[in-house]
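Try each task before you read its solution.

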Amino acid sequence: MTDAPQLGFETLQIHAGAEPDTATGARQVPIYQTTAYVFRDADHAAALFNLAEVGNIYSRLTNPTVSALANRICALEGGAGAICCSSGHAAQIMALFPLMSPGTNVVASTRLYGGTVQQFSNTIKKFGWSAKFVDFDDEAAVAAAIDDDTRAVFCESIANPGGYITDLPAIAAISDAAGVPLIVDNTSATPYLCNPIEHGATLVVHSTTKYLTGNGTVTGGCVVDSGKFDWMASEKFPSLSQPEPAYHGLTFGAALGPMAFTFHSIAIGLRDLGMTMNPQGAHYTLMGIETLSLRMERHVSNAQKIAAWLEADPRVAAVTYAGLDSSPYKDRVAKICPRGAGALFTVSLKSGYEGCVKFVNALNLFSHVANLGDARSLVIHSASTTHRQLTEEQQIGAGAAPNTVRLSVGIELADDLIADLDQALAASA
Ligand SMILES: Cc1ncc(COP(=O)(O)O)c(C=O)c1O
């Protein structure tokens, strides 16, 4: 028997997780539009429910199209197992669910997508969980924030909206020393630009809504488990290390080893929370992932060119792109995401709040939407939209100051995008 060859990213993004369909020979992954799967006999049904045999029972738990996508993202991230779910926000709850119980907390970066700050500040309190927000550039503060009730550390690799880069190996070392898993939201970077597991992450979460799908069609999320965390090493994670009452007393960590998190998430998380991805959605994302590396290369080269052009423009006050020489995060790009700093950053205009409003109104190729990671270029003026309920101080803290817009640079011709930005800046002055 020979070892399977180590395939490159560009090959895996097309082939991983899928074989020609055994029933029909279909080359592309079919959309298995079915709710349930016929058991061979009663013994087969019992084996599936006992997790003695792997197979499909009901599409709230698994579906072959969705599984192909989960396995493909898992391969690209270098994980042991993965679970797809209905949105990026669902993926975050799915990642925390096996780890947390009432009274426990997650130590989270202050530089997170605003929706995640909201989810962690208010909504998770309804489960009895809480979050402590810390500046992840202050490593001592991260270490100090972890206490006996901390069950996870959470950050983004390239943070939305500012495009800041997290020093993942440093944060992973702090999490390891404290015996808690590091969860990294890799949405803005994608596995093409950054592999959080290589840098020490335990779990990687994605909003597949963004670059992985890449065409702005469907919402989705994914949790990838590195399979490297020893859940049995302490009593902190009883859902994985002790008999689980929600699954007839199975001790997932002992029975399933590196697949414990994945099986728990399917057998209990998806079964009981029901935040399942649908096969149509998985199909769109599978189509998108086939071209991920090509799109990310173009996103990065466009973003680099546009950020440099904006920075040199006298109408612009500041640009946060980490790929610029002026960025304090420039050195981290080489270490954390050597293929580039992504395509998401903020731009502050000298013309202030009113100028930003005129600027987004005047843009033609950039669409003013609450989204990122589309093939087409997007812009949002957060202070007048998503962050308008916040005080000015809160807006500034969130990277959404009144004079700031966020760009998600697409894969159009860079010169066309620059011409559009130029005329909109003229209109904003
Ligand atoms: C970095 C990041 N993580 C998570 C999410 C949430 O994803 P979804 O909108 O798919 O729930 C978003 C959404 O914008 C995001 O930008």
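**Exercise 1. Work out how helices α3 and α12 pack.**

Start with the handedness: α3 passes α12 in a left-handed crossing (the near helix is turned anticlockwise from the far one by less than a right angle; clockwise would be right-handed). A quick note on ground rules: this is a predicted model, where local features need pLDDT of at least 70, side-chain atom pairs count only at pLDDT 80 or more, and totals for chains, interfaces and linings use all residues. Residues are numbered from 1 along each chain as its sequence is written, and side-chain values use heavy atoms, with hydrogens and water left out.

Next, the geometry. The axes of α3 (residues 64-77) and α12 (residues 279-289) come within 8 Å and cross at roughly 35 degrees. Axes here are lines fitted to C-alpha atoms over the stretch in contact, with angles from 0 to 180 degrees between N-to-C directions. Helices are DSSP runs (H or I, at least four residues), strands likewise (E, at least two), numbered from the N terminus.

Now pick out the touching residues (heavy atoms within 4.5 Å). On α3 they are Thr65, Val66, Ala68, Leu69, Arg72, Ile73 and Leu76; on α12, Pro279, Ala282, His283, Thr285, Leu286 and Ile289.

**Exercise 2. Decide whether α12 is mostly buried or exposed.**

Count first: 8 of the 11 residues of α12 are buried, so the helix is largely enclosed by the rest of the structure. Buried means under 20% relative accessible area, exposed over 50%, and partly exposed in between (1.4 Å probe, protein chains only). Among the buried ones are Gly281 and Gly288.

Then look for the cover: it includes α1 (9-15), α3 and α13 (292-311).

**Exercise 3. Find the aromatic pairs and classify two of them.**

Searching the whole structure gives 11 aromatic pairs. Rings of Phe, Tyr and Trp (its six-membered ring) pair if their centres lie within 6.5 Å; planes under 30 degrees apart are stacked, over 60 edge-to-face, and the rest tilted.

Take Phe120 and Phe154: their ring centres are 4.9 Å apart and the planes sit at 80 degrees, so you call the pair edge-to-face. Phe120 is in helix α5 (residues 114-121) and Phe154 in strand β4 (residues 150-156), so the pair ties together parts 34 residues apart in sequence. Both Phe120 and Phe154 are buried.

Now try Tyr247 and Phe252: 5.9 Å centre to centre with 65 degrees between planes, edge-to-face again. Tyr247 is buried at 9% relative accessible area, and Phe252 is buried at 0%.
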